[in-house]
Amino acid sequence: MASPAQSIRWGAAAASTVYGVLLYVLGLRPDQELKYAFAYVPAALGYLVLVFDKWAWRWPGVHKVTGHPRLDGTWRTTLTPNVESHIPAGGNRGPIRAYLTVEQSYWTLHATLRTAESSSRSSNATVEKTNGSGISELRFLYENIPQVAHQQRSPRHTGACRLSLAGRAPTALTGRYYTDRFTAGDMELVLISRTTDYSTFTQAASADTTAP
């Protein structure tokens with residue numbers, strides 16, 4: 001299901017297309033009279049919204065003005081469970097290597113965290129700015145789905161993450177995670193690539209040439 005922001009974005013593009021086609025069919029063509037070009041301004045604005053949301057907000061000059069943190073890419077993540085976490089027998093007590101992939105437009109953000117045993121997909125992801133401190137937080141809920149081989153020991157569960165960041169293009173994040181299995185822990189993240197094309201933990205680990 002599309003998010004509200006995605007619906008608005010594609011709705012604007014669709015409305016602009018229909019509006020532009022109607023103008024053309026009605027004979028209001030800029031190549032006939034220059035004044036008709038102004039009638040196409042609303043259609044152009046709809047496309048500009050799409051371009052801004054998908055690409056333009058990242059352009060250096062625009063990005064400097066908006067100040068919206070750029071988080072898209074793949075992040076090497078180290079999970080350190082709290083010693084009081086209810087980790088079942090045979091479970092990994094850390095540190096745990098993982099990779100967080102962030103897909104981001106100006107109005108939308110989706111995060112996928114992969115470990116060697118499971119993957120987690122975000123919902124309700126937002127970037128919240130803290131007034132006056134220069135620090136922002138990436139917050140999201142997630143659902144974790146373990147591989148079948150590990151589900152008896154590590155069942156499907158939900159949780160939440162809060163990651164602190166500073167600046168318009170951070171390369172390191174810190175934060176915490178909490179789950180409904182009564183586990184919690186710290187997170188340390190380092191950006192390894194702006195690409196989001198890694199679909200498995202193994203792919204991301206193979207591309208992580210700077211891993212210690």
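These legends go with a few close-ups of a predicted model. Local features here need pLDDT of at least 70, side-chain atom pairs count only at pLDDT 80 or more, and totals for chains, interfaces and linings use all residues. Residues are numbered from 1 along each chain as its sequence is written, and side-chain values use heavy atoms, with hydrogens and water left out.

**View 1. Eight strands make a closed barrel.** β2 and β3 are joined by six bridges, and Leu100 has Leu113 in β3 as its bridge partner.

**View 2. Here's the largest nonpolar core, with 22 residues.** Such a core is a set of buried Ala, Val, Leu, Ile, Met, Phe, Trp, Tyr and Cys residues joined through side-chain atoms within 4.5 Å; buried means under 20% relative accessible area (1.4 Å probe, protein chains only). Leu71, Trp75, Leu100, Phe140 and Leu163 touch the most other members. β2 gives the largest share, four residues.

**View 3. Zoom in on Ser122, part of strand β4 (residues 118-129).** Ser122 counts as buried because its relative accessible area is 11%. Its side chain makes a polar contact of 3.4 Å with the side chain of His110 (a pair of N or O atoms within 3.5 Å; within protein, one must be able to donate a hydrogen and the other to accept it, and residues adjacent in sequence count only if both atoms are side-chain atoms). A polar atom of the Ser122 side chain also lies 2.8 Å from the backbone nitrogen of Ala111.

Terms used: Buried < 20%, exposed > 50% of the residue type's maximum accessible area, 1.4 Å probe, protein only. Helix = DSSP H or I, 4+ residues; strand = E, 2+ residues; numbered from the N terminus. Pairing = 2+ DSSP bridges.
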